[in-house]
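Dear colleague,

Please find below the structure I promised to hand over, followed by notes on what was found in it.

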Amino acid sequence: VRAEVYLNGKPLAGATVRFEPAFQFEGQIKPASGVTDEFGVASIAIADEDLPKVQQGLSGVHTGTYLVRITHPDKDIPAKYNSETTLGYEPQMGNPMAPFDLKK
């Protein structure tokens with residue numbers, strides 16, 4: 001999954017994008033995260049320590065529903081995109097893009 005993050009219509013570099021399992025999937029699927037590049041794009045993946053040894057090094061997310069939290073070390077991102085998130089994502093076969101256009 002590749003997350004595309006824009007803030008007020010411009011790519012947001014250096015943002016951490018975290019996919020957290022929705023309550024009905026807690027314990028069944030693992031969280032995943034990534035950091036956006038200069039184009040506002042992040043490859044979202046499950047951390048190696050959360051994967052079986054034979055899957056470590058692979059990039060991807062489990063099928064399920066996620067809450068999405070986006071934070072940035074230097075920019076003030078409204079709470080509705082992180083601590084009080086209203087963002088969600090559900091992976092779909094054949095569509096690896098997850099666009100998020102944040103507004104201040």
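Rings of Phe, Tyr and Trp (its six-membered ring) are taken as a pair if their centres lie within 6.5 Å, and the pair counts as stacked with planes under 30 degrees apart, as edge-to-face over 60, and as tilted for the rest. By this rule the structure holds two aromatic pairs. Please bear in mind that this is a predicted model, in which local features need pLDDT of at least 70 and side-chain atom pairs count only at pLDDT 80 or more, while totals for chains, interfaces and linings use all residues. Residues are numbered from 1 along each chain as its sequence is written, and side-chain values use heavy atoms, with hydrogens and water left out.

In one of the pairs, F19 and Y66 are tilted, at 5.6 Å centre to centre and 45° between the planes; F19 belongs to strand β3 (residues 16–21) and Y66 to strand β6 (residues 66–71), 47 residues apart, where strands are DSSP runs of E with at least two residues, numbered from the N terminus. F19 also pairs with Y89, and because the centres are 5.2 Å apart with the planes at 45°, this pair is tilted. Since Y89 lies in strand β7 (residues 87–89), the pair ties β3 to a part 70 residues away in sequence. Together, F19, Y66 and Y89 form one aromatic cluster.

As for the strands, an open sheet of four has the order β4-β3-β6-β7 with antiparallel pairing, two strands being paired if DSSP finds at least two bridges between them. The edge strands, β4 (32–35) and β7, each pair on one side only.
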